[in-house]
Amino acid sequence: MSDATPRRNLRETLRRWTWWFIVAILVAGAVALYLAWWRHYQDMHPRVAWAQPWMHVEEHPLEVALLWREEVLRADRDGEVHFPRGNAPFRAAKGEVLAMIGGKAFRAPGAGYFVPALDGKENSWFFGAIWEGDGPIPSAPQVRFISSGSRIKKGDPLGKFLPMPQDLRFVAYVTRTPAVDRDVRRNVLSVRTGKDVSPIVAVIRTAKHFGVRTKVYCSLPVFPLELLPRRNAQWILEG
């Protein structure tokens, strides 16, 4: 047998290794060229830092007197009164049971909020009495809840009913700053009813300037049930 076959195999092996060696060199060169181009591109096109918009918003304490339409509901019979939904204010539909008096249902006259409590200001807490003058914001007396299980007579108050829908309104003094004066001219104020509550845009119905303060009468686009039953509140003014 001739030695040509082993020599042929050796040459074939060397040819394959040579081919892979050339491919490896070409790939390494291509990678080196790409990296060099990329470094040059980064040098010529530095990353741009975009400025983010930011606005400083000042917060001011806001003492408000809340205003709403209400009617006092009175018992239609004698008997022991019970409130099936407890003493907390709640939203009621027309005809929904508000109380049981002597075992019989006392129903809502319409859709609205029912508050089984009184504070004695039901007939005297209104816009005209609060708006006039530049005196301090008045404080309503402590709310007194009607006790479930107590005996009442026909005509005794069961609580108050706030028909819905209606605007929640308020009267307050705002400290005059350039930002607040600008908002007053636009007839809007940004208020928050709590520290961790989103701001609400209140619409200014009317305003009076008293030196460094402005007295405003506003309405809110929403009437959160949790603001009941107090007529006074401490809010936050943004501006």
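## Terms and basis

A residue counts as buried under 20% relative accessible area, as exposed over 50%, and as partly exposed in between (1.4 Å probe, protein chains only). This is a predicted model, where local features need pLDDT of at least 70, side-chain atom pairs count only at pLDDT 80 or more, and totals for chains, interfaces and linings use all residues. Residues are numbered from 1 along each chain as its sequence is written, and side-chain values use heavy atoms, with hydrogens and water left out.

A salt bridge is a side-chain nitrogen of Lys or Arg within 4 Å of a carboxyl oxygen of Asp or Glu. The model holds 14 salt bridges by this rule.

## A linked network

Salt bridges join Glu 70, Asp 119, Glu 122, Lys 160 and Arg 231 in a network. Lys 160 sits in strand β11 (residues 157-163) and Asp 119 in the loop between β8 (117-118) and α2 (127-131), so their pairing ties together parts 41 residues apart in sequence. Strands (E, at least two residues) and helices (H or I, at least four) are DSSP runs, numbered from the N terminus. Lys 160 and Asp 119 are both buried.

Glu 122 forms a salt bridge with Arg 231, at 3.5 Å between the closest N and O atoms. Glu 122 is buried at 15% relative accessible area. Arg 231 is buried too, at 1%.

## A partly exposed pair

Asp 167 and Arg 205 meet through their side chains in a salt bridge (3.5 Å, N to O). Asp 167 is partly exposed at 39% relative accessible area. Arg 205 is partly exposed at 43%.
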